[in-house]
Each structure stands twice: as C-alpha cells, then as structure tokens.
Amino acid sequence: MNQSYSETIIEPANRLSFNFKELWKYRELLYFFTWRDIKIKYKQTVLGFLWAILQPLLMMGIFTFFFGRALNIPSQNLPYPIYVFSGLLIWNLFSTGLTNASNSMVNNANIIKKIYFPRLVIPISSVAVAVFDFLMAFVLFTVLLVIYHQPIAWFAIVIWPIALGWAVIATLGLGAWLAALNVKYRDFRYVIPFLVQVLFFLTPVIYPVSLLQYPVLQYLLAASPMYAAIELFRYPLTNQITSLPFFYVSLACGMLLLLVGLFYFKKTEDFFADFA
Amino acid sequence: MQILLEFMKPILEIQNISKKYRIHHLAGGYLSLRERMMNALKLERSEVEDFWALKDISFTVQPGESIGIIGRNGAGKSTLLKILSRITPPTTGAIISRGRIASLLEVGTGFHPELTGRENIFFNGSLLGMKRREIQSKFDEIVDFSGVEKFLDTPLKHFSSGMQLRLAFSVAAFLEPEILIIDEVLAVGDADFQRKCLGKMEDVNKQGRTILFVSHNIPYVKNLCRQGVLLRDGKILTIGNIEDVADQYLTLNVPAKEGKLVNHVVYSCDFFEIKEITLNQQESTSIHIEDNSISVDVTFLLKLESVVELELHIKKDEEYVASFGNFLREDFVKLSPGLHHLSYRLTLPDLLSGKYSIDLFFTHPKKMGLASIENIGLPELVNNNLKPVLENSSKNWSKVILNGKLIRN
C-alpha cells in the first residue's frame, strides 16, 4: 500500500475558509452535474433544444409588438427587436440561472444527505446549465444581427465574453445565497419568482434607463446587478455606455452580492444535511 | 504483515467526537421564514432542547482492519457514519484520516429515472468520487457484475427495482478507496445478490482496504468484520473482538421476561414518555396474533412539539424480515405538547415457520429515536403455505388513528 496519501482532518465547522483548491479538484463532478441537468431538461421537453431558442424569440416578438410598436419606447438607436433580444439574452441567463440555483440544493437534498462534495458544485452547475441555454440563444442572436444588418464593433469579441462572465458571477452570488436560504427556510421559494419578476422591470431589458426622469430612481435601477452586464453586452452595438457612474454602481452591487452570497452559503453549507 | 502493521500509523484516528443536535419546538418539521419572523416579533425564544447524538467517541482504525459498528436504533451509528463521511461536521473533536474515504450510505445515490443505465453509471460513479477515466476503464466490469448489459441504453425508469439495485451496487463495488464506509445497504435485494455483494466486500477487505460496516444484521457483521464497536446512547459501550462485542449486543437484547410492555422501554428521550402501550390489546411482552393482523395502541406524553412516527420491525434470529412504518413519507404526524393517543394497524405478510419477535421504534424523521421497546415475543409460527415469502419488505401502515381520528388509510 502506498504511503503517499495525504492526511485529511475532519473538524467542527470552520465558517470562514473557502476551499477553492478542493472545488477545483471536484471539477469533473461539476461537469457531470451540468451534463446531467442539461440531459434531463431536454429529455423532458418535446421541442428539446429548440425550446432554448424559441422562448426568447417569442418574448422578443411580444415586447417588440407592445413596447416597440405600440408605445414607441426608445432603444438607443438600435432596432427595437435587437435591443430587446440582447437584453433578454442576458436576462434569461440571470433568471433561469437564479431560479435553478435557488432550488438546486433542495432538489438535490437526497444526494447532499448521502455523499460529501463541496456543496458549491450544485449552484454553480445550475448556473452552467443556464449558460448552455444562453449559448443556444446566442446563435439565434447572431442570425438576427445579420437579418437587421446591425453593425458590430470589433471589440465585441472581447466585450461579450466579459459581459457573459460578469452575468455568471452576479447570478452565482445571488443564486448561492438564495439556495442556502431556501434550504434553511422552506417557505422562501415562494418569494423567488416574485423577486425575479420585480427585478425584470427594474432592469433595463425592455427600456433604457434614460426613460426615467428622476436621477435617484436611475441610481436605484443601476443597483440591479444585471444592469452592468446588459449595458456591457450592448456596448459593441450601441458604441456607448449610458452612464459610467451607473455602471460602477451596478458592478459594486454585483460584487457585494457575490461576497454576501458566498459567505452565507459557506456559513450554512456544513449544516445542509441536517436541515434538508 | 502483523509486525508491519505495528509500525504503521492508524489510517483513521477518531478523537473525542461529539455531535449535538438542536431540537427546536418545530423538530422534524422545517424551519420557515414566517415562523422565524413571528418569533422575532413576539420577542420570545422558541423552546430549544439540546440532544447529544454522540458523546466523546474515540477509537483508532489500523489499515486493513474491518470494523463493525453495532447498536440499537438511536445509539448514534448513523450520526457517526455521517460525520466520518463528512456529510455533517462534529460539534467537537477531530478525525484524522490517512486515506481516501468513500462512503456508501445508500446505493444508487443520484440515480435519475430519465437517464439511461449508462448515463447513471457515469453520474453515480462521479458522485462516489471516481474520475471519468476510472469509470471508463472499469465500465465493462461494472456492467458485467450488474448483469444488466441488455438495458444499458434504456432509461432507468423502465428497470425493475431489483435491476436498479444491482446496477447501483455494481458501481459502488468498483470504488477503490483506502477506507470504505458502509451503511446497511445490504439490507435490500434478494438473498442471492446479497451474498454476491458480501463476497465482493470481503474481496475488498482482502485487498488490504479498511472497512467500517454498520448494520443491525449480526450474522453479516460477524461474517465481514473482525473488530467491533458497540454504541449505546451515543457512547461507546464496548470495543474489541467482533465475537465478544456481538455477544454483548445480543445480551442487551435478551427477550423481556413476562411483564407489562410499558415497563420495557429500553430507551426514551427526555420529552417523550410512553404512558400506556398495548399490542393486539394485550399489555404483556409476548402476544397472540389472530387473523394475521397486529395493532399497536399507544398513549404518550409529549413535552415539546415534535413529529412522532412508529416503526415496527419483525425479526427472526436478529435479522429483520419485515418492517412497517411511514416509508412512503406521507405527511409526518406533527403533534403539539400534551397527551396523545395513536393506534396503528397492519396485516402481517406471509412468514416462514419459526420464532419471531418484534421491535418497536418511535422516531422522528431526523432519525433520532424517541423511544424503543424491543424483543416482544410472538408465538411460534407454523406456516404450511410454501409460497415464497417477501424478505426484508418495507410497508406502510395499513391504518393510523390519531386521538380517535383516522389519519392514514
């Protein structure tokens, strides 16, 4: 028998240490969780992968009809469908990622109670499933860009991945937080759909922030963590960031959410098996 | 080999492990934000009771040893396993392990009905800590051992429960950890497959791996383990040679002499007190059965709000043959403090001829025992019906009546 094994020490919970090295060691499990969830999700729908594309397309149609045509909402000089679709891309990533992540711990309670692994694997994989949907819809987005002859700045290649990365980080922060709360308080899940709904209208997905007249209100909207991601994602199309201060406010809020979310998750992580 | 072992460091050092559970007045139920807010508004603290599931457990395990952990329900076996598997942290103490631990608290964890057999092997294997390449290289062996190769690409939902179990155990059987922790996973499946599993575990042990095995099933434990740890009320009662430890466990379980059942409560927690209990309207410790049916009537005093469930196990030679309880996990019976009356009805399955006894466990879903009465004698059973008998079957109660009201049928 080899003597090279390392010592593992099991101790009372230490709430403030993150073991990212361990998380990295479990990256294969992360892959398998994501793979499983994608498989299950698309095995259960008749339309399969098509659903990931169809849903934002239908939403775009509806919003274009009501807000673009009927209400004539300005869209930063972009064709309104492009404006809405670019917002919805990021927004859907956030809302599905957040909803998946917040239910993920409860849904996987039977696994949590029987097997040890870094628990953060579960919310991360939920968000990864949403990224998969994003990529499917993104393909459609590029088709739309061609149809509308929309010019794109060259730096899109750099900016889009950054916007995606930022959206993932902010989603994960809030998602991990809600996931932990959901395990602890079982009635919390009723709050989540409502929260997502409210945030949708507070985020400039279907209208630009400039539409609002009170600066205070504008700052408040910028606090939505998706504000920065959506602004950034549209930047190669509009060539302008509406307001740099708002952008920073949003970044700071997202960062704060990530920290709070991860710490709260960490704090309750060790006791998930007892709660679940 | 023996001399070599002397110089080796223990592979597992368990040092003064204790585990405390907080039983809220909403024990067993789930915490809700609404209740938390209400409590904050009322500025009153909910009643909380500390419960030590484990107290000061220390022992060491040498590489290659096989240790059986035995004890009654509520003795702390499952809690110890959970701590060793890192599913829940200890409240105090530490464990040093010098090898990869894999724990099988359940076979088939994470199995999903929509995924195919093949897909489930990969996901389950990964959960158990195998690398993808490892699973790929052992894939054929796993499939061979399970004997379900024909159904590999069929969704699991079309598998029989026996096939699911075979597949599940087969994945687990090919784990190669230094330390293998096994809960009573063998208490399922047909006798043939059980033997196969047991054989496989012996092989694992012979390869020099360390095994910790928890079971009620003394013959199995004796078969597989050389050392034993006997737990009682969260403490170690005896530790040593498995034969001695098992003997002591059995003497703890000597059938109760004649007398009232209520005087034979072996274990009872602080907030649960049995006032009166009868089986088939009989108060004594050995009962008669008519029409293959058993009824349990119990009156008890509850001092805290809690979930109360009853499990009834029928055993023969220290092996469970049938169990009754709320295994479908219907709504749990959550009761307010006070005096309550519960009555349960069940119909016995066809049992082989022989001598049987009954264990009663009052539990709540956190698997902590509230109270237990064990070894209630049944009359010698003669069964001329040679129809095969369900072994290790788990069934739900056929009828449950709470304070005069039918709550489950």
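Predicted model: local features only at pLDDT ≥ 70, side-chain atom pairs only at ≥ 80, totals over all residues.

Q: What is a disulfide in general?
A: A disulfide is a covalent bond that joins the sulfur atoms of two cysteines. In this structure, A:Cys253 counts as partly exposed because its relative accessibility is 25%. B:Cys225 has 3% and therefore counts as buried.

Q: Why is helix α4 of chain B described as largely enclosed by the rest of the structure?
A: Of the 11 residues of this helix (residues 117–127), 10 are buried, so the rest of the structure largely encloses it. Among them are B:Glu119, B:Phe122 and B:Phe123.

Q: What covers the buried residues of α4(B)?
A: The cover includes parts of both chains: α2 (27–43) and α5 (109–112) of chain A, and α5 (132–146) and α6 (161–173) of chain B. After α4(B) comes B:Gly129, with a positive phi near 100°.

Q: How is the size of an interface often given?
A: It is often stated as the accessible area lost when the parts come together. Between chain A and chain B about 4300 Å² is buried, and carbon and sulfur atoms give 61% of that area. The contact involves 45 residues of chain A and 48 residues of chain B.

Q: How many salt bridges are there between chain A and chain B?
A: The count is 2. One of them pairs A:Lys39 with B:Glu119, with the closest N and O atoms 2.6 Å apart. On the side of chain A that touches chain B, β1 (8–10), α1 (20–25), α2, α5 and α12 (272–275) each supply at least two residues. The most come from α2(A), which gives 10 residues. By class, that side has 23 nonpolar, 6 polar and 16 charged residues.

Conventions:
Residues numbered from 1 in each chain as written. Chains lettered and ligands numbered in written order. Heavy atoms only, no water. Buried < 20%, exposed > 50% of the residue type's maximum accessible area, 1.4 Å probe, protein only. Helix = DSSP H or I, 4+ residues; strand = E, 2+ residues; numbered from the N terminus. Contact = heavy atoms within 4.5 Å. Buried area = accessible area lost by both parts, 1.4 Å probe. Salt bridge = Lys/Arg side-chain N within 4 Å of Asp/Glu carboxyl O. Nonpolar A, V, L, I, M, F, W, Y, C, P; charged D, E, K, R; others polar.
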